[in-house]
Amino acid sequence: MRYLAYLLLLAAYGCANTSAPAAESPTTEASESGPLAFSSHEIVDTVNTWWALTIGDVTGDGLMDAVYINNNAHGGHLAYRSGQSEVGMWEETIIAQAPPTGGTFASGDLETGDMDGDGDVDVLAVKHTGEWDDAAAPAEVFWYEAPDWTPHTVGEARGAVKDLSIADFDADGRNDLAVLTFENENLRIHRSNPDGTSTLVADLTAPGLHEGMDVGDLDGDGDTDVAVNGYAFMNPGGDLSGEWTRETLSDRWHNQTGDWSANGTKNAVADLDGDGRPEVFISHSERAGYPLAVYKRDADGNWMETIILDSIPAAHTLQVFDMDGDGDLDIVTGINKGRAVNLSVDHFEVMVLVNDGNGTFTPEVVAEDGIYNGRVADFEGDGDYDIFRLPEHEATSLYLLENKTDQPN
């Protein structure tokens, strides 16, 4: 059944019309029975447009929690659901009903991380009315300090926030923040200061900036860079006051026109080949006809493209982890059911593309009713990676796909 489903998948997708030269593509094969096994559990049945959802152990108990902004369409509260080993619904804890300056929370993304270096997992938050109310209106970014959830101001974003990424950009031991807007074609870098405040150190614009961001040392110089929408912004080093130079991976990801779905992507940065210089993975989060592609920067600064899947519609999930425990990085992706139906797509596979370590990716269908903003994390700390899944952007339930795969000895 999985083999037949995947053949139908490829037939329905067709091939993307690509203009950029591509390196030789790895083989994507299917098998009737694969190495992966997952057990699905419904963990929340009262989801209300959790467009900003992330996973992190904010309670410090060794179990991952689900952190979210409720009613992201028009603004709601900031909260988390406590992870539990028992089967059943996860309990809600509200971090804040409203931002410290009033108004409502709303964001296209959410992240957790230790922002003050005390070992606790803190929570980011964004004040806005919602991207569908006035996406161009300025937003305010905060982080909430665990465990008492004291708010701290990061700064202002030019518009509704679409992506957030935490990283120590200046290598001073404190986490900093990259903020990408839904409109305004803007990326900002905020450096964290010893007193808990933040300083805006980069205010960057580029044609087509909209959605899709991750971070990593893309050029191998020891600094953390930013991959966004088919661009790479290179870290100047030091106190970050220098120029963030811009490189283009592929124009296909930021030269689109039309409605809000133009230039919608998902990005993931991970070291696929183990050479210490990570690759950038990109899919289109909203449209059909675009590939799942991976980009590698060579020693001369050129970006080489490899196509993993010729086309996958509304791929609003792109995570790269070792899902089968064999030491090679696999790809978790799939179709956002709620968007795909508007593209005349009637199949909603959730897939793990299993890497054999030799350039071959074998797709394993692990669910068949869609995935939106999926997150991968080791839920219970047992050494393997699990999948948190909303079937679509207007889902009312959150599921945990618990990894039951036999790990290599």
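A: Happy to! One cut-off to start: a residue is called buried when its relative accessible area is under 20%. Also, keep in mind that this is a predicted model.

Q: Good. So is Asn-229 buried or exposed?
A: Asn-229 counts as buried because its relative accessibility is 0%, under the 20% cut-off.

Q: And what is its phi, for Asn-229?
A: Phi of Asn-229 is near 55 degrees, which is positive even though the residue is not glycine.

Q: Where is Asn-229 placed?
A: Asn-229 sits in the loop that links strand 16 (225-228) and strand 17 (231-234).

Q: Okay, switching to Ala-314. What about its phi?
A: Ala-314 is not a glycine either, yet its phi is positive, about 45 degrees. You'll find Ala-314 in the loop between strand 22 (303-309) and strand 23 (317-321).

Q: Buried or exposed, that Ala-314?
A: Ala-314 counts as buried, because its relative accessibility is 0%.

Q: New topic: which residues does the cis peptide bond join?
A: Ala-146 and Pro-147, with omega at about 0 degrees. Pro-147 lies in the loop between strand 9 (139-145) and strand 10 (150-157).

Q: How do strand 9 and strand 10 run, parallel or antiparallel?
A: Strand 9 and strand 10 run antiparallel, and seven bridges join them. Across that pairing, Trp-143 stands opposite His-152 in strand 10.

Q: Nice. Which residue in that hairpin takes a positive phi?
A: That's Trp-149, with phi near 60 degrees; the hairpin has four residues between the strands.

Technical notes: Residues are numbered from 1 along each chain as its sequence is written. This is a predicted model: local features need pLDDT of at least 70, side-chain atom pairs count only at pLDDT 80 or more; totals for chains, interfaces and linings use all residues. Side-chain values use heavy atoms; hydrogens and water are left out. Helices (H or I, at least four residues) and strands (E, at least two) are DSSP runs, numbered from the N terminus. Buried means under 20% relative accessible area, exposed over 50%, partly exposed in between (1.4 Å probe, protein chains only). Two strands pair if DSSP finds at least two bridges between them.
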